[in-house]
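Biologist: I am new to this one. Please show me the structure, and then I will ask how you know what you say about it.

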Amino acid sequence: MKDVKVLGPGCKRCVATAEMVQSQADKLGVPVAIEKVTDYAAIAGYGIASTPGIVIDGKVVHAGGLPKPEDVARWLAA
Amino acid sequence: MSTTTVSCCKGNPPPVAPRTSEPSTVKWLAATAAALVLWGLAYSQLIPFSDWIVAQLPIDRASHLGDAVSFFAYDTPKVLMLLTLVVFAMGLVRSFFSPEKTRAMLAGKHEGVGNVLSAMLGILTPFCSCSAVPLFIGFVSAGIPLGVTFSFLIAAPMVNEVALGLLFALVGWKVALTYLAFGLGVAIVAGWVIGRLHLEHWLEEWVRNLRASAADLPPEQITVVDRIKAGLEAVNDIVGKVWIWIIAGIAVGAFIHGYVPSSLLAEIMGRGAWWSVPAAVLLGIPMYSNAAGIIPVVQALLAKGAALGTVLAFMMSVIALSLPEMIILRKVLSVKLIAVFIGVVGTGILAVGFLFNALYQ
């Protein structure tokens, strides 16, 4: 089970990012637990300066803007 | 932040996956070059095109209505085309920057140099209003001085590609460059002044206590094709959102152009009326419009004899100081600090207005 956190205040792109992670995980057959982190202090605690951000198993892999589906698949497969 | 950044994170270029080989790079470059040539050809035909449109309508070219219609028919395609080009170029350039990289560049910089660098990076870094708070906290928690952070936050919305592209298209490159220089100047000086005031204790408490080390993001490999795509995405996002405002703005501009007598504006907004600069700034603060809607009006006002400084002060005030931005920033700044922010930036804009009116007699 991969622990995925989507960091963002709840903007449209943050929601889209979370959906993309879920659909890519389904495609790959990787079980994931997605959590949306919306608290600004918590987001800043991960050391990013732009949202949405993606954290997989405690490691920040992405910050700022909608990621590409193939990148998400690569991060999930790693 | 009131310019084109209404919805979330639209301006950010997509991060890009590393590629092993890119066989379509040549195709993309060729298509981009062809599109630029087509653009140039279409642009060179705009005057005949607009003359033809007006000739098709049952309107006397010399009448007020004919004047307004011809202004509208020429300016609308011209402005949209120039804006598309500028936004594409900026999208491409911005794919070289990110808030995280900018933060790394600013970390450890002192006030002064830091303010200058910060204001310039504010123009180049992809930024949107929804990212303002994470960016602010991200900067401050990484130890970047408050004043340096403010230089970024003032420059980012004020000197943006829509404002510059439209000024360039409608009023000319000299005014666009002047706007760029003075916008940077206001951001640098206002940020520096806020830093000198040492107002860190006016931040919300949880922001003050937060210390975070920068995330170690995996390096991105971005190809030329990805950068072109980032430019196209910027065009799609920004031009797709503001075109309606531009057309509305040009319509108002066309009305002013055709119907409002020059003497009236010269009297109200001309150089003689010293009070018009502060009035323009005060009027602009509560107004929330994007650059797209305001600049065609600006152009028409200038053509009718309004003073350049007054008009630029109005424009800066509308774009740089906006209520929605204040509401977003209230999450991290106390009301007192927001008041200081408005006061310092407003004073800077006022100075620009007066200076301009004095310089361009």
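Modeller: Val4(A) stands opposite Ile56(A) in β3(A). This is a predicted model: local features need pLDDT of at least 70, side-chain atom pairs count only at pLDDT 80 or more, and totals for chains, interfaces and linings use all residues. Residues are numbered from 1 along each chain as its sequence is written, and chains are lettered from A and ligands numbered from 1 in the order in which they are written.

Biologist: What makes β1 (residues 2-7) of chain A and β3(A) a pair?

Modeller: Two strands pair if DSSP finds at least two bridges between them. β1(A) and β3(A) have 4 bridges, in the antiparallel sense. So they pair.

Biologist: Why is one side of β2 (32-37) and of β4 of chain A left without a neighbour in the sheet?

Modeller: The open sheet of 4 strands has the order β2-β1-β3-β4 (chain A), with mixed pairing. β2 and β4 of chain A stand at the edges, each with a single partner strand, so one side of each is left without a neighbour. The twist averages 20 degrees from one strand to the next.

Biologist: Which residues of helix α3 (residues 69-77) of chain A are buried?

Modeller: Asp71(A), Val72(A) and Trp75(A) are buried (20 or more other C-beta atoms within 10 Å of their own; exposed is 12 or fewer, partly exposed in between; C-beta atoms are placed from the backbone).

Biologist: How do you know that they line one face?

Modeller: Seen down the axis of α3(A), the buried residues fall within an arc of 100 degrees, so they line one face of the helix. On the other side, Glu70(A) and Ala77(A) are exposed.

Notes:
Helix = DSSP H or I, 4+ residues; strand = E, 2+ residues; numbered from the N terminus. Arc of directions from axis to C-beta. Axes fitted to C-alpha atoms, helices over the stretch in contact; angles between N-to-C directions.
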